[in-house]
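Hi,

Here is the structure I said I would pass on to you. Have a look at it first, then read on for what turned up.

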Amino acid sequence: MDKYDPIEIEQKWQKRWEEEEAFKASEDNLKTADGRPRAKVYLAEMFPYPSGAGLHVGHVRNFTIVDCLARFYRQQEMNVLRPFGYDTFGLPAENYAIKTGISPQSATETNINNFRKQAKRLGLAIDWSREINTSDPEYYRWTQWCFLQLYKKGLAYRKESEQWWCPVDQTVLANEQVEGGKCWRCGSEVEKKKMKQWFFKITDYADELLNDIDSLDWPEKIKTMQRNWIGRSEGAEIEFETENNLKVKVFTTRPDTIFGATFLVLAPEHPLVAELVTDDTRAKVESYIKETQKKSDIERQENKEKTGVFTGSYAINPATGEKMPIWIADYVLIGYGEGAIMAVPAHDDRDFEFAEKFDLPIKTVVEKPEDSDDDEKCYRGEGKLVNSGQFDGIDSYDAREQVVAWLEEQGVGKGKVTYKMRDWLISRQRYWGCPIPIAYDKNGDPHPIPEDQLPVMIPEVEDYKPDNSGRSALAKAKDWLKVTIDGEEMTRETDTLDGYACSSWYLWRYVSPHDDKAAWAPEAIKYWAPTDVYVGGDHAVAHLLYIRFWCKFFADEGYLPFREPVKTLLYNGYINAPDGKKMSKSKGNVVDPLDVINSGYGADTLRTYEMFIGPYEQDASWDTNSIGGVYRFLNRCWNLCFKTDYTSAKTTAIRHKTIKRVTEDFYRHSFNTAVAALMEYVNELYKLGASQEDVVILAKLLGPFAPHLSAEMLEHLGVDEVWPTWNEAELQEDEVEIIVQVNGKLRARLKVPVSDLEDQAKVEALALKNENVQNFVKGTPKKTIYVPKAKLLNLVA
């Protein structure tokens, strides 16, 4: 080969790796060739949804982070498990089937074949024998088994609830899927609908899920998002009696401020609203409720403009005996606390804004400390209580428990802990999902499908549209609907599971993907799991919280020997278009990774570029010029191996420094600086000359980023891929570079013997002999500033 041809090299090595099953993992691979024990490492990315569009450059970044680490650990002779799979259930395939008549099963198979082919073009070090697919009956059989274990323990239950409903997609939507009162996918107006739904009781694990966050080696922003999602609040439940003898319960985290509560606010959906309205207010209240139903909880919380309506009724403040008007407002959510609040406008921002807008009383009950620099009208901090009866003068923090105890004595309150997190709604009115393994008897009571009847298969149907009642197309499979349990004919559940259920256990299936006796083999799970490194750029809360919940549950049931599923989480940023905007087909700014590869750059260039583009956790914009620079860098690496005569240059220190930098960067997951170190190393080798040992080290360190080129170089050099080590004693160079500035501007770089580094006179004399320095310094400098540690000499002329 006369020149670097990445396509030819990549085809050669991809063919060889596939034939040799080079990346197949085994629990028996316990020792290195020389008898040393191998440490295991299990890495995975969040498995992708195989869309018809195929891979995009965001996938490449995600996959390459995992692959670089997998290859790095393999080169360190560790036993590496790096599997792959597909999260295949969901609305896109179902909508495609409705539109085209092509079954989701068929479309999914086509898409997976395309995804696999594209992934292999990237040279990923995947154990393809462990490939999984959530819509494979042999996979969802065990998803259904997982459901039944939760059901047996009362953690899967059914209840009627009001849900967002998309009349076009004919399915339930989560709050975050409703945008401006419209469905996030099809744009149609959504509505609220009361339906019987299945839930997982994740709230039973709320405290443990929250408490264990601190111990996770996860990005702080993800940990904070999970804490906020769980939303644990300590406070008090207080009962306010209305003039017509109704009792309104509120939850507050500041019971110490009850003397400052001047009105109540209920969520528009609160069941007592209908009994609180009067003839004069009914029309306005009903109109307001109708408008609120068009907003998601997220929109209601983000809405800065306070709105509300007076119900016409009053309650009595149990602490002051004063009348309090009762309002409804959309900033109060039915799902949090009791769906009602006592408003203390002097000490809560939202209550303050509401009170000012509607001219409601504001009463100060917490005195701002004299040394406070808080000049806001609404004071939210701690201080001495005032206007609070027998509690005047007590610090507000200390008064909380005392006020709660007093309320308990009065029989109108008690201490309480609430959570923002609700139980996990898992019902979906979709055909293309994992069937819920439940059937109903003639009385409508649910019964679990016996485990020996699993999997409950997805039947073939001719029409994929939901039926007129909103049930999924499964309801049209009349023969499938009938099932016999314990001699009684029953009717199958037609809802399918939320896709997050399918992805809550797949990391454990990878360890024994073909096991037909268990969801995961006990010995394999004990050896490989938990996952050492998990990489993704989506699902910061839902998926990552749900896998933690299932892990704790199955640990309690004795199926898992650990309580957290992922040791280290790497959360990567997005790759945006060159203009910084998000890539999308509609904008025409999508970069197809196969176009980059086939243009002649090859997969190694694409992989290395995406690791070099910036810190992995930050968003980055695609830069066509920079990818050309990475190609030139790899071409120079090839030339050093195949086109350069070796020398005996003094490069030992540079070589060992590079090994150290790249190795430490890998352990810090600083992939971009590792590539930068290799680029600097190549520059030095071109400048000073390269020995064969220099090129061997280059070939090995390139392995994680450019595996095909690395393998080609190593084969040519006749050496193995084992990761090199550095010698601290070799890190010292014979010479160091001194930066010479004149009047603060760079004028020269000097090579100075290490032995002369501390000798200012010698360094200054050498600088004054430099021709460029002489152009700016005439005679003796007015002042000399020399900092040996910084290797900096500044001359003032």
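This is a predicted model: local features need pLDDT of at least 70, side-chain atom pairs count only at pLDDT 80 or more; totals for chains, interfaces and linings use all residues.

Strand 23 is joined to strand 24 (residues 488-492) by four bridges, and the two run antiparallel. To find one of these pairings on screen, pick threonine 484: its bridge partner in strand 24 is glutamate 489.

There is another open sheet of four strands, with the order 6-5-9-19 and antiparallel pairing. Strand 6 (171-173) and strand 19 (424-425) are at its edges; each has a single partner strand, so one side of each has no neighbour in the sheet. As a reminder from class, strands of a sheet pair through backbone hydrogen bonds, in a parallel or an antiparallel way. Strand 5 (residues 156-166) and strand 6 run antiparallel and are joined by three bridges. Look for tryptophan 165, which stands opposite valine 172 in strand 6. Helix 5 (residues 137-152) packs on this sheet, where it touches strand 5 and strand 9 (191-200), and its direction makes about 85 degrees with that of strand 9.

Now for the inside. The largest nonpolar core has 91 residues, and the ones that touch the most other members are Phe147, Phe200, Trp508, Trp520, Tyr534 and Trp550. Helix 17 (residues 542-556) gives the most to this core, with eleven residues.

Next, some helix pairs. Two packed helices are described by the angle between their axes and the distance between the axes. Helix 7 (residues 220-230) packs with helix 17 at an angle of about 75 degrees, and their axes are 10 Å apart. That makes the two roughly perpendicular, since 65 to 115 degrees counts as such. On the helix 7 side, the contact is made by Ile222, Gln226, Trp229 and Ile230, and on the helix 17 side by Leu544, Leu545 and Arg548.

Helix 19 (residues 624-642) and helix 21 (residues 671-688) pack at about 45 degrees, with axes 11 Å apart. These two are therefore oblique to each other, and their crossing is left-handed. Among the residues that make the contact are Val630, Phe633 and Leu640 of helix 19, and Leu678, Met679 and Tyr686 of helix 21.

One last thing to find: is helix 22 (residues 692-702) largely enclosed or open? Nine of its eleven residues are buried, so helix 22 is largely enclosed by the rest of the structure. Those buried residues include Asp694 and Lys700 as well as Val695, Ile697 and Leu701. They pack against helix 2 (57-75), helix 19, helix 20 (652-667), helix 21 and helix 23 (707-717).

Cheers

Note on methods: Residues are numbered from 1 along each chain as its sequence is written. Side-chain values use heavy atoms; hydrogens and water are left out. A nonpolar core is a set of buried Ala, Val, Leu, Ile, Met, Phe, Trp, Tyr and Cys residues joined through side-chain atoms within 4.5 Å. Buried means under 20% relative accessible area, exposed over 50%, partly exposed in between (1.4 Å probe, protein chains only). Two strands pair if DSSP finds at least two bridges between them. Contact means heavy atoms within 4.5 Å. Axes are lines fitted to C-alpha atoms, for helices over the stretch in contact, and angles run from 0 to 180 degrees between N-to-C directions. Angles under 35 degrees count as roughly parallel, over 145 as roughly antiparallel, 65 to 115 as roughly perpendicular and the rest as oblique. A crossing is left-handed if the near helix is turned anticlockwise from the far one by less than a right angle, and right-handed if clockwise.
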